[in-house]
Amino acid sequence: MEVAVTTLDQGEAGTIELSPAVFGQALRSDVLHQVVRWQLAKRRQGTHKTKTRGEIRATTRKMYKQKGTGRARHGAATAPQFRGGGKSFGPHPRDHAEGLPKKVRRLGLKVALSSKLAEGKLVVLDRAALDEPKTKQLAARLDKLGWSSALLIDGPEVDRNFALAARNLVGLQLLPPEGANVYDILRRDLLVLTREAVRRLEERLA
């Protein structure tokens, strides 16, 4: 499948042939759902923690005598029903990561790339480079292109001027080809790939 290549100045830079094995997958929402869940679960820190009654720093003395007061029978004030007491069945540090086969992860990335192409939201850029690191100039170019929410995947060596100019722009996210992932592709409206990024992704996934 042949796709037109553009430049940052809205110029034409020929065409590029995309591999059907990577960019021609059928839409599989179930696979995308699995991969996104796997990614988000891995990101969770799992450091949530509450204290049990054995970890509360307080006296363990019995509040009052067992019988004769007319009140309920209680032990220490660290019991869960009292204010300042321990939490019963509260969260404890754990790993939220789930297992997912590598083949499913690869398929998920292919489906995400293919879905952007099928929706007409995939743009191939000749190269992402600037003469000077000026955020204002890059923002003006992106505004003309209409890229308000875009993920740009470049080659392994990202142009330093472009990276410096892009890092303060809210609607633009810049990643190397090794960092391409399903969640970031789906959360942005537009996917922009450079020629080098296309070549690297096809080597990685074909």
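**Notebook: a sheet and its cores**

**Entry 1. Alanine 150**

I began with alanine 150 and found this residue in strand S4, which covers residues 150-153. The model I am reading is a predicted one. Is alanine 150 buried or exposed? I noted a relative accessible area of 0%; alanine 150 is therefore buried, since the limit for that word is under 20%. I then looked up what alanine 150 touches, leaving aside residues up to four places away in sequence. The contacts are Gly171, Leu172, Gln173, Arg188, Leu190 and Val192. For valine 192 I also recorded a distance: its C-alpha atom is 6.8 Å from that of alanine 150, although 42 residues separate the two along the chain.

**Entry 2. From S4 to S5**

I next followed S4 to strand S5, residues 172-175. The two strands run parallel and are joined by four bridges. I found isoleucine 153 opposite leucine 175 of S5. Through which helix does the chain cross from S4 to S5? It passes through helix H5, residues 160-166, and I recorded this β-α-β crossover as right-handed.

**Entry 3. The whole sheet**

I wrote down the strand order of the open sheet as S2-S1-S3-S6-S4-S5, six strands with mixed pairing. S2 (12-17) and S5 stand at the edges; each has a single partner strand, so one side of each lacks a neighbour in the sheet. From one strand to the next, the twist averages 30°.

**Entry 4. Strand S3**

I turned to S3 and its pairings. With strand S1 (residues 2-6), S3 pairs in the parallel sense over two bridges. With S6, S3 also runs parallel, and four bridges join them.

Which way do the residues of S3 point? Leu122 and Val124 point one way, Val123 and Leu125 point the other way, and all are buried.

**Entry 5. Helix H3**

I examined helix H3, whose 17 residues are numbered 102-118. From its first C-alpha to its last, H3 reaches 24 Å, close to the 24 Å expected at 1.5 Å a residue. I listed its buried residues as Gly108, Leu109, Lys110, Val111, Ala112, Leu113, Ser114, Ser115 and Lys116. What covers them? I found that the cover includes helix H1 (20-23), H2, strand S3 (122-125), helix H6 (182-187), strand S6 (190-194) and helix H7 (195-205). After H3 comes glycine 120, with a positive phi near 75°.

The largest nonpolar core here has 31 residues, and Phe23, Leu113, Leu191 and Leu193 touch the most other members. Helix H2 (residues 29-43) supplies the largest share of this core, five residues. Apart from this core lies another, of 18 residues, with Leu8, Ala128, Ala166 and Leu190 among them.

I closed with leucine 113. Not counting residues up to four places away in sequence, leucine 113 touches Val22, Phe23, Leu122, Ile185, Leu191, Leu201 and Leu205.

Notes. Residues are numbered from 1 along each chain as its sequence is written. This is a predicted model: local features need pLDDT of at least 70, side-chain atom pairs count only at pLDDT 80 or more; totals for chains, interfaces and linings use all residues. Side-chain values use heavy atoms; hydrogens and water are left out. Buried means under 20% relative accessible area, exposed over 50%, partly exposed in between (1.4 Å probe, protein chains only). Contact means heavy atoms within 4.5 Å. A nonpolar core is a set of buried Ala, Val, Leu, Ile, Met, Phe, Trp, Tyr and Cys residues joined through side-chain atoms within 4.5 Å. The expected span of a helix is 1.5 Å times one less than its number of residues. Two strands pair if DSSP finds at least two bridges between them. A crossover is right-handed if, with the strands pointing away from the viewer, the path from the first strand over the helix to the second runs clockwise. Axes are lines fitted to C-alpha atoms, for helices over the stretch in contact, and angles run from 0 to 180 degrees between N-to-C directions.
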